[in-house]
Amino acid sequence: MKEYVDYILNKTYELLNIDSPTGYTLRAVNYLKDEFIKMGYEPVITTKGGLFVDLGGNGNGLLIEAHLDTLGAIVSEILPNGHLKVSSLGGLNANNIECENCRIYTHFDNIYEGVAQLGNPSIHVNKDYNDTLRKFDNIEIILDEVVKSKEDVLKLNINNGDIVCFDPRVKITDSGYIKSRFLDDKYSCGILLGLAKYLNDHNITLNRHISLHFTVYEEVGHGASASVPADTNEILSVDMGCVGNGLVCDEQMVSICAKDSAGPYNYQMVDKLIHLAKENDLNYAIDVYPYYSSDAQMAVRSGHDVKHALIGPGVYASHGYERSHRDGALNTLKLLIAYVKE
């Protein structure tokens, strides 16, 4: 399986370096579309902007989902001094963007660079620097352009509504760790690419109809509310596994979520996943996530009459500078292969 984990890490690395916050995902979707075409599949971009891939098979449908959209920001105000105020896209936390480099994409095909800073950020000038609560009211984007006023910024064709994307800072270590912003959920997207490649390479006969859906609005809560095939009776979300106090999961495990903040997952699906993980001697955890919801939960809440479950590789420091391990991808991939072979 080493070659498939290597493939997953390589494709995840490439995906992470394509900016794709909620509302600005087309380039990343096109990247995935091209990768599936190379494997011989016929991916389709949905009206909503996600990517749907039919893997084949007959019988009751299993829809496997991961989300391609990430956290980001949008310009909400140009200040008189030429700095930018932003509004978050998804659950971006102001504490996690201070001093981070970013790119601003305008509606006129310009791309500018900048950095997020606290207003009045010099500790030699600002006596309240240490005690200031970081929030979007006082975090500003400083453009790497010579601008002194709002008028200077407008001359660059920068306007309210422009997208702000933060540098992922991707690094893969010799010890097998992958560190980056936005492993949630591009690591899972890479894993689903690996699953499709494995099934294709080994010409696996599928005993049920299996499809993949890469959603693009998960971070704002309606990613999987549509594009569910009529024959679907199970939805399996592949998203980051939570790592933190009170949870079992670590970065080398596949996490099986029994319940999140939206409620419990389907008992029969969770039970099957647990038994498959145990039978295949996988490194796995069963956890209850306190502050989390998934595409599978959104599909159920939108009225789809399906069973639903959630698994994923353990990811440390979610919504910050995240870290996982190649073994997390390996265990998740093996569990997916076991499940689709049932």
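Student: In the hairpin of strand 4 and strand 5, which residue takes a positive phi?
Tutor: This is a predicted model, in which local features need pLDDT of at least 70 and side-chain atom pairs count only at pLDDT 80 or more, while totals for chains, interfaces and linings use all residues. Residues are numbered from 1 along each chain as its sequence is written, and side-chain values use heavy atoms, without hydrogens or water. The hairpin has 5 residues between its strands. The residue with a positive phi, near 90°, is glycine 82.

Student: Over how many bridges do strand 4 and strand 5 pair?
Tutor: Strand 4 covers residues 72–78 and strand 5 covers residues 84–89; strands are DSSP runs of E with at least two residues, helices are runs of H or I with at least four, and both are numbered from the N terminus. Two strands pair if DSSP finds at least two bridges between them. Here the sense is antiparallel, and the number of bridges is 6.

Student: Which are the edge strands of the open sheet of 3 strands?
Tutor: The order of this sheet is 10-11-19, with antiparallel pairing. Each edge strand pairs on one side only. The edge strands are strand 10 (171–172) and strand 19 (322–325).

Student: Is glycine 328 buried or exposed?
Tutor: Glycine 328 is found in helix 7, which spans residues 326–340. Under 20% relative accessible area counts as buried, over 50% as exposed, and the range in between as partly exposed (1.4 Å probe, protein chains only). Because glycine 328 has a relative accessible area of 0%, this residue is classed as buried.

Student: Which residues are in contact with glycine 328, leaving aside its neighbours within four places in sequence?
Tutor: Contact means heavy atoms within 4.5 Å. With those sequence neighbours set aside, glycine 328 is in contact with Glu251, Gln252, Met253 and Pro313.

Student: How many Å apart in space are glycine 328 and aspartate 250?
Tutor: In sequence, glycine 328 and aspartate 250 are 78 residues apart. Taken from C-alpha to C-alpha, their separation in space is 8.3 Å.
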